[in-house]
Amino acid sequence: MKKNVLIIGAGGVAQVVAHKCAQHNDVFGDIHVASRTLGKCTAIIESIRQKNSLKKADGVLEAHALDAMDIEATKALIEKTKSRIVINVGSAFLNMSVLSACIATGAAYIDTAIHEDPTKICETPPWYANYEWKRREECEKAGVTAILGAGFDPGVVNAYAKLAFDEYFDKIDSVDIVDINAGSHGKYFATNFDPEINFREFTGQVWSWQDNQWVSHKMFEVGQEWDLPVVGKQKAYMTGHDEVHSLSQILGIPTVRFWMGFGDHYINVFTVLKNLGLLSEKPVKTAEGVEVVPLKVVKAVLPDPSSLAPSYSGKTCIGDFVKGVKDGKEREVFIYNVADHAEAYQEVGSQGISYTAGVPAVAAALLVAKGDWDVKKMANVEDLPPRPFLGVLNEIGLPTRIKDADGDRALEFPEFRMAAE
């Protein structure tokens, strides 16, 4: 069993991960939180103690200052803390540096989003082939477990697709992943994740996988209304997203698309910012001769995503619409989760978007710690058995449901109950 966890990052998702790891520190052992801003790490630890989240009250819980772009510094911290699992929920720009440190030290690596080069936007698909998959052989040679994209989307939705692939279909024709946030944060305008990363998703090409080929659209060019449980009818737009780039290649599904819900107000503000050049990453000079990056200025004036949690209300609904054939008959299923912003805040002090991204990373870490997913190589979530993952998620806060011709019901995985161990 692997022991001791190092969490890299100190935003809203890191707070969820730290709280959830604390709730299972009987499995994980020591828990460490590291980022460039030590004060943010300390605040997360204080929130854990305030909520009495530590299962073993005498467990080690420490904050560290770290520039995770510095591979040697990251290696040193892994070794100093004797961490055998590293959960990377910092900026997507850090992934390759943190992975390098894990390979060098033998620690397992888990992230929740694909690596990004800050100088490039919307690279050639499939995106995983540009960075992560080039290091498969390196991970396997070192015997290092590296679980890619173990958030919700990517992550849980990949497991939903694999479950459908394994158990509900003989042949899958299409997977449409739909992500709807029907909540309200009460601000004029804000992003649920780091604005710099968030806007990068929407300023380049929208890549989808249709009829076994890559298709490009512009953002907000293709929209569709979806009728979902709990949140009802919602408009969503085809958007480029990580899981399209792995599911299409690993499971060989002919059509994989990702749809995200946006309100008219968000689209209007985004469009104005983009048209004014305020989402540009290229430096400009002010009349006073000061060089600034417009996108970083916008990021600086928008609310910190972690600050949205106290007033966030409403629910999210995220899942996979899967179409195909079973026993010679056409079939469609919707495998999904509904999360509540207020409940997430009450439990861990973060809003529902951070909760849905952070809890799966901890479920993956639990499976690595216990050996079920300690595969000693690089793997996307759909490379791994989905039932243990979804079973743990049922137990720790993100239950799975399915809607099909037989109705809408909870999916149970009784053989993977945390409490039974």
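Select R135 and its surroundings: leaving out residues up to four places away in sequence, R135 touches M96, L99, S100, I103 and M378, where contact means heavy atoms within 4.5 Å. The model is a predicted one, in which local features need pLDDT of at least 70, side-chain atom pairs count only at pLDDT 80 or more, and totals for chains, interfaces and linings use all residues. Residues are numbered from 1 along each chain as its sequence is written, and side-chain values use heavy atoms, with hydrogens and water left out.

R135 is found in the loop between strand 5 (108-111) and helix 6 (136-142); helices (H or I, at least four residues) and strands (E, at least two) are DSSP runs, numbered from the N terminus. R135 is buried, with a relative accessible area of 13%, given that buried means under 20% relative accessible area, exposed over 50%, and partly exposed in between (1.4 Å probe, protein chains only).

Next, select helix 14 (residues 386-396), which is largely enclosed by the rest of the structure because nine of its 11 residues are buried. Those buried residues are P386, P388, F389, L390, G391, V392, L393, N394 and I396, and what covers them includes helix 1 (12-23), helix 7 (156-168) and helix 13 (352-370). Just after helix 14, G397 takes a positive phi of about 135°.

Stay with F389, which touches G155, V156, A159, P360, A363, A364, L367, W373 and V381, residues up to four places away in sequence not being counted. Of the 109 residues in the largest nonpolar core, I7, I85, F199 and F389 touch the most other members; the largest share of this core, 12 residues, comes from helix 13. Apart from it lies another core, of 28 residues, among them L6, L99, I114 and W127. A nonpolar core is here a set of buried Ala, Val, Leu, Ile, Met, Phe, Trp, Tyr and Cys residues joined through side-chain atoms within 4.5 Å.

Move on to strand 12 (residues 255-261), six of whose seven residues are buried, so that the strand is largely enclosed by the rest of the structure. Strand 7 (residues 171-181) pairs with strand 12 in the parallel sense over six bridges, and I177 stands opposite F258 in strand 12. Strand 11 (residues 232-238) and strand 12 run antiparallel and are joined by three bridges, with M238 standing opposite W259 in strand 12. Two strands are said to pair if DSSP finds at least two bridges between them.

Now select helix 10 (residues 264-275), whose 12 residues reach 16 Å from the first C-alpha to the last, close to the 16 Å expected at 1.5 Å a residue; the expected span of a helix is 1.5 Å times one less than its number of residues. The buried residues of helix 10 are Y266, I267, V269, F270 and L273, and they pack against helix 8 (195-203), strand 11 and helix 11 (294-301). Just after helix 10, G277 takes a positive phi of about 85°.

Turn to S35 in strand 2, which is buried, with a relative accessible area of 12%. Leaving aside its neighbours within four places in sequence, S35 is in contact with G9, A10, C41, H64, A65 and L66. In the loop between helix 2 (25-28) and strand 2 (31-35), find D30, which is partly exposed at a relative accessible area of 25%. D30 touches N4, V5 and V60, again not counting residues up to four places away in sequence. D30 and S83 are 53 residues apart in sequence and 7.9 Å apart in space, C-alpha to C-alpha.

Finish with the cysteines C21 and C41. C41 is buried, with a relative accessible area of 0%, and C21, at 0% relative accessibility, also counts as buried. The sulfur of C21 is 14 Å from the closest cysteine sulfur, in C41, which is too far for a bond. The structure holds zero disulfides, a disulfide being a pair of cysteine sulfur atoms within 2.5 Å.
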